[in-house]
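Please examine the sequence and the structure shown below before reading the report.

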Amino acid sequence: MESVTRDEARVPYPRRIFCNRNLRMDRIRFVGFDMDYTLAIYEEAMEHLQSEMVLERLSQQHGYDERVLQAKYEPGFAIRGLAVDKAHGNVFKMDSHRFVGRVWHGGGPLDKELRRTTYTNRMLSPADPSIVMVDTLFSLPEISLYSQLIAFYDGLPEGEPRPTPERLWGDLRDSMDMLHRDGTLKARILADVPRYIRKDPDLAETLHRFRSANKKLFIVTNSEPNYTEAVMSYLLDGEHPAYPRWRDYFELIVTSARKPLFFSSEEPMREVDADWNVVDAPIAQHRKGAIYVGGNAAELSRLGGFQGDDVLYVGDHIYGDILRSKRTMPWRTAMVVPEMERELELVEQHTGELEELAELEEARFQLELDRAAAQRNGARGQELKELLRGLNQQISDLEAHIANDFNPYWGPLFRDRAELSAFGAQVEDYACVYTSRVSNFRQYSPFWYFRSPRDRMAHELRR
Ligand SMILES: [Mg+2]
């Protein structure tokens, strides 16, 4: 493991900030935040609520059998970066090269032979219309319900009507979208905010530290103005003596932003009045404490006085927050990966086994070299081949054992066997830094120099 500086060693491992591309915080003058799953951490109760409501919709609006209401959301089943094969009703994990790893069909792993014929040696194209990548935390319940419903329909006797896997996915997706769009889900959350949203006791102080270092803060969220008001005031009102109201922390607050479109659109920004009515007048200059809707990144930059690389944008969604803000704007990015906290605790608990694994892999590398050298020597070559086979078995057993503790269905979030997972590769490619929560910034000086350990290529490391 890469050594950490003395300053950083005092930060507990699951709360550290990890760096892919050097980031000098002294150069950052503006720090922007997404809200949902970034500033606002959702409780598992929200996933259960989503699931119940989606199943109700399936039965009431899409004409599904009432027995679908029996399906129960299984927390921990789905992880980000999974993909759904709508044509076959499968859910699978991919590695960074888009090769298929573990495949789940309904209530269990897909039959080995089927898995081989359907996916082996097939590199999946992102353009394949029957494959859907799941990359938001809001969609985890869909994956769990999809597998459960596939299992339910598979179990029905021959001849009973059932939707195609493709239709089932479409209806689930549609129901979930509608729940978010028509405000019914948010109305339930607002009726009992503390039940669904977790307050981070360090958030107020974290934001204050940024501000004390002369950094200006802003919000760009896709949530509507009244929802943003309710959630943010729950999180921040009265949490710090210098900021009585949550709006006191931020220079600019943009809601209903329609990310990722926000980064490329030309939609004008508008202010909302105290009754949440949109005031149809151009914004010449922004007003602190006001809430805006719509807009676009270029207009926001002009109003805020951003240069581009002096902005750090913090969000949890790889596509909507991280990739687009980097591609269309030269903003620096910090990705919040809430799942990491538990994963890193597990890494700590498995330190011994992970070291053993690294040693075995090193031994295998040596053995492979020896075997190549002994190729002309029949007896020795055979002996080394046997040794290698044993070692391979030992490595895969240990790998499976460790992966099982991370997630019995999918293994670790960032890895797929010896490769990065598709999700891990995206985080590595697009996020300048990544961490489990916003308040982890509190542990670092606002002038910290985050340095990437990845300044060398594989061939440079092994000399
Ligand atoms: Mg979000």
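Predicted model: local features only at pLDDT ≥ 70, side-chain atom pairs only at ≥ 80, totals over all residues.

Residues are numbered from 1 along each chain as its sequence is written.

Helices (H or I, at least four residues) and strands (E, at least two) are DSSP runs, numbered from the N terminus. Two strands pair if DSSP finds at least two bridges between them.

An open, antiparallel sheet is formed by 5 strands in the order 8-7-6-5-9. Strand 8 (108-109) and strand 9 (131-133) are its edges, each with a single partner strand, so one side of each has no neighbour in the sheet.

Another open sheet has 10 strands in the order 1-20-17-16-3-11-12-15-13-14, with mixed pairing. Strand 1 (17-19) and strand 14 (278-279) stand at the edges with a single partner strand each, so one side of each is left without a neighbour in the sheet.

Two pairings are set out here.

| Strands | Sense | Bridges |
|---|---|---|
| Strand 6 (residues 90-94) and strand 7 (residues 100-105) | antiparallel | 4 bridges |
| Strand 3 (residues 30-33) and strand 16 | parallel | 4 bridges |

V91 stands opposite W104 in strand 7, and F33 stands opposite V314 in strand 16.

Helix 11 lies across strand 16 and strand 17, at about 165° to strand 17; angles run from 0 to 180 degrees between N-to-C directions of axes fitted to C-alpha atoms, for helices over the stretch in contact. In helix 11 (residues 318-328), the buried residues include I318, L323 and R324; buried denotes 20 or more other C-beta atoms within 10 Å of a residue's own, with C-beta atoms placed from the backbone. The buried residues of helix 11 pack against strand 16 (311-315), strand 17 (332-336) and helix 15 (422-430), where contact requires C-beta atoms, placed from the backbone, to lie within 7 Å.

How values were computed
Buried ≥ 20, exposed ≤ 12 C-beta atoms within 10 Å, placed from the backbone. Contact = placed C-beta atoms within 7 Å.
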